[in-house]
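My notes are below the display.

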Amino acid sequence: MDNILSIDLEEWYHPEYVKSKAPRTKEERITESLNKTLCLLNDYDVNATFFIVGEIAEKHPETLEKISENGHEIAFHGYHHEPLWRLNAEILQLEVKKFGSLTKERCIGFRAPSFSLNNKTKWALKVIEDAGYKYDSSIFPTKTPLYGVWGAPTRPYRPSYEDLTKEDENVKLWEFPLLVYQFAGLRVPMAGGFYLRFFPVNMVKRAIRKANKDGFPAVLFLHCWELNSDTPKLKLGPYKSFVTYHNLRETKRKLISILSDFKFTDLRSHVESF
Ligand SMILES: [Zn+2]
């Protein structure tokens with residue numbers, strides 16, 4: 001089974017815990033982070049979905065071209081990487097429109113910054129559906145300190161616009177929840193990012209195998225800055241620094257180990273097959 005690999009194309013200063021601490025004048029690292037990511041994907045012959053922050057596409061239009069030329073999918077990750085709980089439907093509508101004016105190919109996928117889609121921000125789904133999007137991949141079907149939708153399905157489904165934990169077959173939009181590992185009544189996030197850096201890689205592999213055995217693809221994500229060992233690191237306090245920077249040097253090795261054992265592709269290929 002083809003699993004799903006997604007890359008969140010954002011700068012090192014976009015994550016929620018870094019944003020408020022970042023200096024006003026910031027070094028840009030997007031070009032080298034993207035190049036490293038593209039090289040790695042090329043070496044393992046994998047197509048991925050790139051969820052792109054709009055302001056990066058605006059400032060560096062060549063990033064979009066490079067991603068498309070290499071056969072990857074272009075999708076949207078918010079214009080300024082603001083979580084949905086700081087936006088509203090009107091603002092998101094404008095953001096989607098602005099991003100659409102920058103891309104040559106039609107964009108059909110969305111990931112909310114900081115996985116901020118939940119039952120309080122579910123208005124966002126109607127906005128992206130109205131804009132012609134076919135899928136969303138923002139739901140972590142568990143609870144973490146920053147995000148999560150407890151009780152949401154763990155496999156791809158069509159989410160009810162009334163309650164994201166329910167499926168509604170009349171809805172056209174697909175949701176691709178991020179990978180969690182279920183055992184003993186727990187749902188442990190395993191989809192990538194901090195979780196890939198923190199947990200032993202064999203545990204992540206076990207979670208992928210379990211999803212595939214249950215008949216659905218595992219959805220994994222990485223930030224392109226996690227694949228760049230020169231990513232600037234700020235002092236964020238013990239917890240936030242741990243979550244943001246723990247084991248960054250190991251990201252590449254672990255991802256390679258996973259790419260060697262499993263097949264991956266982008267989200268649009270899955271949506272087309274439905
Ligand atoms: Zn992000």
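I am working from a predicted model, where local features need pLDDT of at least 70, side-chain atom pairs count only at pLDDT 80 or more, and totals for chains, interfaces and linings use all residues. Residues are numbered from 1 along each chain as its sequence is written, and side-chain values use heavy atoms, with hydrogens and water left out.

**Rings.** I looked up pairs of Phe, Tyr and Trp rings (Trp by its six-membered ring) with centres within 6.5 Å; planes under 30 degrees apart are stacked, over 60 edge-to-face, the rest tilted. The count is 15 aromatic pairs. Trp-12 and Tyr-13 are edge-to-face, because their centres are 5.4 Å apart and their planes stand at 85°. Phe-198 and Phe-199 are also edge-to-face, at 5.1 Å and 75°.

**Burial.** I used relative accessible area: buried is under 20%, exposed over 50%, partly exposed in between (1.4 Å probe, protein chains only). Trp-12 and Tyr-13 are both buried. Phe-199 is buried at 15%. Phe-198, at 40%, is partly exposed.

**Charge over a ring.** The rule asks for NZ of Lys or CZ of Arg within 6 Å of the ring centre and within 35 degrees of the ring normal. Lys-26 sits over the face of Tyr-13, 5.1 Å from the ring centre.

**Helices.** I took helices as DSSP runs (H or I, at least four residues), numbered from the N terminus. Axes are lines fitted to C-alpha atoms over the stretch in contact, with angles from 0 to 180 degrees between N-to-C directions. Helix α2 (residues 30–43) packs on helix α4 (residues 61–69) at about 0°, axes 11 Å apart.

Technical notes: Helices (H or I, at least four residues) and strands (E, at least two) are DSSP runs, numbered from the N terminus.
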